[in-house]
Structures are given as structure tokens and as C-alpha cells.
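The sequence and model are shown first.

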Amino acid sequence: MGLPGGPRPKNQDGGVRALIKRRLESRAKRNSNTQMNPGLSKGSRHYGSRESVSIPVSPVGSLDLSADTSTVIRPVHSSILGEKYCFEVINSENTHCFGCSSAAERDRWIEDLRRAAQPNKDNIERTENSLSLWVNEAKDLPPKRRYYCEVHLDGTLFARTSSAAGGCQLFWGEFFELDNLPCISQITLHIFREEDPKKKRHSRDESSLHPLGSVAIPLDEIRGRTFQEKWYPITPFKASGTAGNKELLGPQASLRIKARFQNLQVLPMEKYKEFAEYVTVDYVEMCTSLEPLLNVKGKEELAGALVHVLQSIGKAKEFLVDLGGAEVERLGEREALIFRENTLATKAIDEYMKLVGQKYLIDTLGDFITRLYASVENCEVDPRKCPASELSNNQKHLTEACEEVVQKIIKIHGPFPEELNKIFSSWVELCEDQCKPEIGQRLISASLFLRFLCPAILSPSLFGLTQPYPEPNTLRTLTLTAKVIQNLANFTQFGEKEEYMLFMNDFLQQHWDGMRGFLQTVSNSDTEIPMTSFDGYVDLPLRLAVLHGLLVDIIYQKDQETIDKLHPLPSILNQITESLGPEAPRILVSRCVLDLYLF
């Protein structure tokens, strides 16, 4: 995203420098421990430098965002530098990369620098480009080697997968979310063979220096809000004057990709004013009216869009407290189903915990996941899947893994999200007012464990805890550990259906008191545990544009009676659509309903 040209205020450069200085001084006062090691990790040859914004590195102070109108400020995917939470500042002369301690801090830095370079950002029309990409699997690659993919946009490396073993079927299952992209015309995935570490450098195969083959993804095939999935044939790499790598690839060599590319037109904030006011005031009525019209995917998308908008406006807490209360009222005596169904409420709390709880999640589970991925210990305890001679040791290994996770959780390693504490304490108060105190604890347990911690243990790559999909042995350990922790949070023992897990019942009973104490602590408004509040940035005009497009897609094809019942929302959406051009879809509003809106 290039910065537009035109005259800049004379004090622009000084303003940016002052901003950076203030941020550095603020970080120093908080005794930040996020310094990064200088130098690049292996495979980062595309970047000239990386600096930490937690220390006063001299090149930072020399950045002049006003001198070069082509300057680009964007995130760097963790697979490129081998470090999380980096961003880069690119101009015509060089590239600087900076590291932060969290995704929220990185996003705030990017926004602060962009706004310093372009103070009028919220009051101009812009286009935001994003690519969401699943690199799932490949087939018919030569066996006994490991392979990885690089994602290139217009010839520039933006991300790479981890390496996986080849053969008839090779699985990555890795997801890439690339935002703040420039205008691009070409998406290419290059498949590389990983170098054999046993070979000496001078004897390594020259083929490791260039791709084995490539896949080009036409933009028109994946443009839009809906994901498109297909197998793409791998075109063998052909070096100049050679026959290429065709003999190394099988006849069916291909890559399974699931992707979407979006060009979102974002209007000036003034255009969304009435829409933002409506969402802020009438979100309960809107959700009640729209939920019956949505499938599971639609609920997930709408909940995510609403959470980001309301977080930016400062109403996310009230939104989630209201949705939780509505769930309790809806389910009545069926409280065992709280946050177990695919409702807007469950999808909203899912999204919100990911938004505000990422650092807490890493502090709690990060070291455990890292250790487990490096471990060769076997935790298989089903006698049908492991030799009897190994069963006792495997049970011991699983118990130790679960003990490590439980201690990380109940002893609260790292600050707890203040926003979640406020929501949980409000739920407790709400349920106590209804003489249902036990339901309040169930709400907290179901949201924090069923919707957040246990899914993160089960699928750490989907929660930002690691990049690679786990190996089968690691996946099994994660599955069993998540099962134990969920039973602990539910205060239930294993039964005959999972007889091989009965040995863990003593472990569960030993930790019930600790779990009760933990749930009470994180839901107590007067708790003394260390807490931190979300300090990331939510781009409100962008999120309102996302929500507008989503609601138009949901509503405009419905029957007239359904549309009229949603009054005044369709008319508010159409008012925004008028600024998007003649091709943007409009919702047909009845004349009588339109008159009510206008007058």
C-alpha cells in the first residue's frame, strides 16, 4: 500500500521522529523484555536489517516517512524472518524490519507510523487488499525428501510453509492471512526440496537452489469473499538450457490450495457514521433478526465482524455480556448446552478471546507446545494402539504433560486479559441475580476452556502458537491432553466409553479444587492477579466496510417480507452502497418501508 503523494506539513518528519521517540521511551519505562537478537535467521536473505523497537537502535530515529511517497509499512510473516510480530518499512533506498512483543503491539506500531505519514487516513477513500491462503497438501512428489512452499506475490516472497516429508501424499495444512497488500497481479507458489543437512556444502544438489516446480493461481479464480479450493498442477522448473525437472515429478504432481483474494473499497469514516450508530445501539435486535438467516459459516463471519467493530467503538464488553445473558435465557433448563452450539454468541466469544487473549494464550501454552513439538515421548495410552510393555511409561508421560498444562493454567503464567475478567464477572453477577450461580461458572468454563484453551491445545497452529501441523505422535498427545483438560474444566471423570483413560480420574480429582479456584479468580471483579488490557489497533473504517459487505450479501437475496422486517438496516446499508459505484449490489426496499426511513 503506497503512501499517496502531495505536499506534506513541514513538521511531518519531526512528528514521526517524536512518535518513535515517545514509543521507545514508553517501552523503556515499562522495562520491556522483548529485545531480539541482532542478525537474520536462516533463509532471510531478502531483508537487509531487523531491529527491535524495544531498544533505541540508531537507524530507527533516521526514518523519514515524508521524504519518499512510495514508502510501504506492512507486517512481515513470521515464516520469513523466523520471528513473530515483525513489520517492515520499505522505501526506494532500503528496507528496515522491526520486531515487537505481540501481534497487538505490532499492529499498533504499523498504524501509528501510517497515521503519522498520512494523518487524514480515516477521511479518504482507499482500497485494502488481502489474501487468505490454505496450503493444504501435495501429491506425486519424489519420496524420501522433505519439501516446503514459498508464497510469492508479483515475484516478492511473502511467506513460506514449514517442511514436510514427500511421497505419494504430502500434508502441510498451513494457513496464511496476508493483509495490507499492494495491488498485485500474480500469485505463485514455488515448491522447494529441503537441503540434506548430512551433505557437505560443496556436494549439495544444485536443485536445492531453485524450485522443483511452481503453481500459478489466477487472481480471477479466487477473487471475492468465498474461498475457492482446487488441485493445481505443478509446472516443473526449467533452467535455461536444460530439460527441466519433469523427470523428478510424478505425472499427477499437484498442490491442493484453498484461497480467496479480496479488494475491499473502504470509504471515509463519515460515510459509515449512521451505520456505526445503528450497530452500537441495536446490535441485540440485529443479531436476533439475522441469526435464523445464517448458516454456521455466516454466523462465524458476522460475529467476527461485529466483535472487531464493537471493540473499536468500546462496546465489545456490553455486546458479549448481552449475548451471554441471552444464551442463558434461551437455553433455560438445558444449561449443559451453554456455548456448545453454533450460535452467534459462541462464535462471538471465540473471536473475542482470540483478539484480546493472544498474549495470555502464548504465555500459558507457548512453552508447552514448543517442548511437545520437540519431544519424542509417546503418550499413547490406548492398549489397542501401543504395546503392553510401553503402556505404563506412556501413561506416565501423559500425566506429566497434563500436569504441566494444568500448572500453567491455574497458576496464571502471565497477565490475564482484563476484558475477559470484566465479561466473566458480569456473567457471574447476572446469573447470581437470577439465582443461578452455578450457571455463571459454567459460562466461564465453557468459554475459556471449551472455546479457547482446549481448541488451542488441540490445534496450536490455528491459534498462532506454532506454524507446522503436528506430526501424528504429537497430534495424538495434543488430543489426549485436550481431552483431560476439558474433563477437568467440566468437573467430570472418564467413564466406560473411554476405558483406557480411567487411570486419569485420580489426576482429575486431585486438581478439581485448583480448577474451582482458578475459575473464581478470573471471574472476580476484585481479583488481585496481574492483568493487561488489549493495546492493539482495530481499523474501524475497514471493519465497518467488512461488516457492510457481509450484511449486504446476507440480506439482498432474501424475500421481500424478510427484508422489510429488518428495517431500517437495509436502507442504512443502501445509503453506503450508493458511494461504492453502480455495480455494487443494492437491497430492494419496499416503498412504504423506505418512506418510514426517510421521514
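## Cysteines

The model is predicted. Cys402 is buried, with a relative accessibility of 0%. Its closest cysteine sulfur belongs to Cys379, and the separation of 7.9 Å is too far for a bond.

Cys100 is likewise buried, at 4% relative accessibility. Here the closest cysteine sulfur is that of Cys86, 7.5 Å away, again too far for a bond. The structure as a whole holds 0 disulfides.

## Nonpolar cores

The largest nonpolar core comprises 110 residues. Within this core, the residues with the most contacts are Phe275, Phe319, Leu448, Phe449 and Phe518. Helix α13, spanning residues 437–458, makes the greatest contribution to the core, supplying 11 residues. Another core, of 34 residues, lies apart from the largest one; its members include Leu170, Leu249, Ala253 and Ala259.

Phe319 illustrates the packing around one of these central contributors. When neighbours within four places in sequence are set aside, Phe319 is in contact with Tyr283, Cys287, Leu306, Val307, Leu310 and Ala348.

## The loop residue Ser102

Ser102 is located in the loop that links β4 (95–99) to α4 (103–117). Is this residue, Ser102, buried or exposed? Ser102 counts as buried because its relative accessibility of 10% falls under the 20% limit. Excluding residues up to four places away in sequence, Ser102 touches Tyr85 and Lys359.

Terms used: Residues numbered from 1 in each chain as written. Predicted model: local features only at pLDDT ≥ 70, side-chain atom pairs only at ≥ 80, totals over all residues. Heavy atoms only, no water. Disulfide = S-S within 2.5 Å. Buried < 20%, exposed > 50% of the residue type's maximum accessible area, 1.4 Å probe, protein only. Core = buried A, V, L, I, M, F, W, Y, C linked by side-chain atoms within 4.5 Å. Helix = DSSP H or I, 4+ residues; strand = E, 2+ residues; numbered from the N terminus. Contact = heavy atoms within 4.5 Å.
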